[in-house]
Amino acid sequence: MKNLLLTLVLLVSVLLNAQEKKYQPEREKINDLVHTKLKVDFNFEKSQMNGEAWITLTPHFYATNKVVLDAKAFIIHEIKINNTLTPYNYTDNELAIELNRTYKKGEEYTLYIKYTARPNEVKQKGSNAISDAKGLYFIDPKEEDPEKPTQIWTQGETEASSCWFPTIDAPNQKTTQEIYMTVPSKYVTLSNGTLKSQTSNTDGTRTDYWKMDQKHAPYLFFMGVGDFSIVKDSWNGLAVDYYVEKEYESVANDIFGHTPEMMSFFSKITGVPYVWDKYSQIVVRDYVSGAMENTTAVVHGEDAQQKKGQLIDANEWEGTIAHELFHHWFGDLVTTESWSNLTVNESFATYSVYLWFAHKYGKDRADAHMYDDVKVYMDSQSEDKNLVRFFYEDKEHMFDPVSYHKGNAILHMLRDYLGDAAFFQSLNYYLTTYKFGTAEAHELRLAFEKVSGKDLNWFFNQWYFGNGHIKMNVTYDYNTINSTVTVNIDQQGKVFKFPLTIDVYEENRKLSHEVWVDGKQASFTFPFHKLPKLINIDSKHVLLAEINDKKTLENYIFQFNNAPHYLDRREALVEIAKQQTDKDAFSTLIKAFNDPYYEIRILALESIDLFQKYYKKEAIAKIQKLAQNDKKTLVKAAAIGILGKLVDPVYKPIFMRGMNSESYAVIGSSLISLYQIDKGAAVQKINTLNEEIQDLQADAITNIFISEQDKTKLPFIAKHVLKGMFLSSNKSTQQLYAQAFKWISESDNKEAIENLTNDFVKLGLQYKKYNFDKMAVNMLNQMAQTQKQSANANKDELILILKTGMSKLIE
Ligand SMILES: [Zn+2]
């Protein structure tokens with residue numbers, strides 16, 4: 001699963017931390033699933049599903065005459081074994097069935113269960129709202145919303161597949177499957193495995209028969225129903241399909257088109273060719289997470305669907321596409337035996353994005369991505385959490401920046417320590433040994449030990465079964481008489497053991513030293529010919545570490561010009577920008593405009609202060625060039641934004657041209673820049689944009705409307721506030737919309753308050769899983785308080801709108 005609501009999750013996790021943590025073992029295996037056959041049809045009127053299930057099981061080891069299945073909020077009509085009705089006991093969550101005799105290990109039996117699934121009645125055990133997963137979702141089932149297509153889709157992880165079929169809903173179970181889905185003929189369907197047949201019925205419905213002969217865990221089952229365009233692609237003779245809404249048919253290949261190449265790449269690096277019988281991806285409405293790796297039937301949230309003008313700037317979904325695909329090795333083929341060991345699924349899926357970016361776009365792109373991921377972990381206040389955690393109060397909490405972002409950085413460290421050949425061969429050993437089965441972190445350790453011949457207890461104890469990360473202060477003692485430098489490491493807090501690479505740069509040469517740090521303090525002495533220009537600690541940037549290392553401006557300038565890693569340049573540039581009144585610093589900033597990697601060029605643009613004395617003309621000339629010619633539209637957009645800040649009408653033609661760009665980023669920044677020099681022209685331009693483009697340019701337009709203090713635009717702004725505040729990872733976007741939220745809260749604009757309230761209700765219900773409903777109630781309440789204290793003449797009416805919204809969230 002890919003979680004894209006980080007802002008949300010981080011906010012809410014603070015609320016939840018105080019609860020009790022229990023020991024969470026692997027689920028005991030008494031009976032094993034063997035095969036699952038389902039026949040289902042849907043009651044759109046009631047948002048229910050009629051189901052018949054044939055569940056084949058066998059005792060795991062000990063003979064038994066009982067089986068307990070997970071089945072949430074069902075109505076059970078009958079249960080048979082060998083065509084004979086059998087007694088059962090059903091509570092809301094569990095179905096305990098008496099078998100007709102005692103079965104021994106290896107003896108199979110098949111249960112027939114006729115039932116009705118009622119996803120809207122699901123109430124998961126305990127008081128914790130975070131587990132409020134329905135498993136089966138009906139989107140606009142009665143076709144009441146003209147803006148929304150009717151769809152049905154499922155979400156199994158963690159244990160919600162048992163909301164739509166009886167099963168043993170644990171990741172350590174595996175079963176083959178077949179599903180007969182009867183749907184209105186106008187819809188297409190998607191499930192795991194191969195579509196074997198389609199049969200038209202006389203009542204205007206059609207029955208699609210999906211079958212998968214390879215076994216997988218119940219949480220990976222999927223059904224999707226709706227009006228989708230299916231864009232066809234292929235890999236090695238296998239069908240690779242993209243299910244999108246009709247409007248996105250023409251860009252489906254721009255969004256998903258790298259999938260076959262990713263399948264080849266992941267097959268090659270693991271040495272395990274993609275094992276499943278097809279690969280489909282579907283984009284659905286109102287999805288409750290980011291994306292999910294259902295075997296051969298991956299589901300993506302609607303943000304995957306981007307317009308051409310967005311895709312020209314960047315396919316924001318490419319990493320997610322890689323993530324879900326790589327789960328088809330780590331997660332679907334070899335599955336975590338328990339949620340405590342989630343790292344064996346999620347850390348690998350997260351790391352696959354690094355691997356893919358490095359392969360496809362080069363190391364800078366991958367390293368920039370890793371930097372962002374590490375930052376998410378560092379900002380998440382989760383230093384007290386082990387990667388493998390047997391104590392937690394809700395399994396959903398395992399889907400956090402430790403399992404994803406930190407685990408990803410840990411794999412990167414391990415790969416560096418073992419070397420590429422040993423690392424990837426170990427992955428191959430692990431995948432081939434445990435394929436179609438389950439594993440825990442120790443099995444991963446054993447695979448790495450087996451292949452490399454190294455003991456790795458120290459690594460796993462530190463990084464998998466321990467918490468925190470390296471924090472160290474670095475100081476230097478130079479001895480000019482002996483021509484040596486001593487590097488002193490002083491670890492702060494928890495003491496780690498780790499290999500460390502130290503690069504010593506003299507004027508014309510670099511010496512790389514490999515050392516081990518083992519203990520709180522360590523010192524290493526290196527000789528030099530000429531006084532070093534720079535000493536680069538962890539020069540490969542592989543450690544998960546905070547390194548406090550005091551460097552001079554001269555060091556940083558040298559670092560920017562000579563040290564090759566993305567982080568060397570990034571770190572140097574940030575420090576240089578702080579001292580750009582210095583002539584050399586400023587000229588280095590200008591030099592960064594030519595950096596081969598576009599994010600460095602953008603960083604340089606965003607850091608430069610043009611209101612100072614040196615080389616101003618030269619800098620502006622270069623920025624103008626970037627604005628017109630850079631091959632990356634995101635760099636063009638940043639450069640246009642900087643030119644706008646100069647408030648000089650001479651650039652108007654550039655902004656006007658930018659408005660006709662295909663790139664949405666260029667259009668947006670051209671609009672804001674034009675506004676700086678010709679407010680009337682910019683506002684007029686906005687009015688010529690159609691509603692759809694306006695919505696996609698919401699950030700730029702909101703920026704302008706806030707500056708204009710144009711209250712008539714509040715309803716437009718209101719529609720974009722929640723997304724900007726909670727679903728964007730960009731700080732300035734968050735701030736912009738926090739400002740907009742305040743403005744709307746205080747206003748007397750009924751339509752804007754209504755729009756915002758509706759969005760709070762919608763998102764609150766959609767992301768109940770992340771407790772967003774509670775936060776939405778708090779925010780609406782805050783708005784009501786603001787109104788109460790205001791002098792707005794219609795405040796009673798507005799408060800009523802807010803209270804009505806709150807009650808929808810509470811019921
Ligand atoms: Zn995932």
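## Ground rules and Leu33

Buried here means under 20% relative accessible area, exposed means over 50%, and partly exposed is in between (1.4 Å probe, protein chains only). At 5% relative accessibility, Leu33 therefore counts as buried. This is a predicted model, where local features need pLDDT of at least 70 and side-chain atom pairs count only at pLDDT 80 or more, while totals for chains, interfaces and linings use all residues. Residues are numbered from 1 along each chain as its sequence is written, and side-chain values use heavy atoms, with hydrogens and water left out.

Leu33 is found in strand E2 (residues 31-43); helices (H or I, at least four residues) and strands (E, at least two) are DSSP runs, numbered from the N terminus. Setting aside neighbours within four places in sequence, Leu33 has contacts (heavy atoms within 4.5 Å) that include Ile55, Thr56, Leu57 and Pro218. Thr56 is 23 residues from Leu33 in sequence, and their C-alpha atoms are 6.3 Å apart.

## The zinc site

Who holds the zinc ion? Met1 gives both its N and its O, His323 and His327 each give NE2, and Glu346 gives OE, at 2.0 to 2.5 Å. Donors are N, O and S atoms within 2.8 Å of the metal (3.2 Å for Na, K and Ca), and water is not among the atoms, so sites may look incomplete.

Along the chain, the donors follow the spacing M-x321-H-x3-H-x18-E.

## H5 against H6

The axes of these two helices, H5 and H6, come within 8 Å and cross at roughly 125°. Axes are lines fitted to C-alpha atoms, for helices over the stretch in contact, and angles run from 0 to 180 degrees between N-to-C directions.

## Two cores

A nonpolar core is a set of buried Ala, Val, Leu, Ile, Met, Phe, Trp, Tyr and Cys residues joined through side-chain atoms within 4.5 Å. The largest one has 94 residues, and Phe266, Tyr430, Phe459, Tyr464, Leu500 and Ile502 have the most contacts inside it. H6 supplies the largest share of this core, 8 residues. Apart from it lies another core, of 91 residues, among them Ala592, Ile701, Ile706 and Ala752.

## H22 and what follows

Helix H22 (residues 698-708) has buried residues including Ala698, Ile701, Phe705 and Ile706. The buried residues of H22 pack against helices H19 (664-677), H20 (679-688), H21 (691-696), H23 (714-727) and H24 (731-746). Gln709 lies in the loop between H22 and H23, and its phi is near 50°, a positive value in a residue other than glycine. At 49% relative accessibility, Gln709 counts as partly exposed.

Most residues other than glycine have a negative phi, and most peptide bonds are trans. Thr296 has a positive phi of about 60° and is buried, with a relative accessible area of 0%. A cis peptide bond joins Glu157 and Thr158, with omega about 10°.
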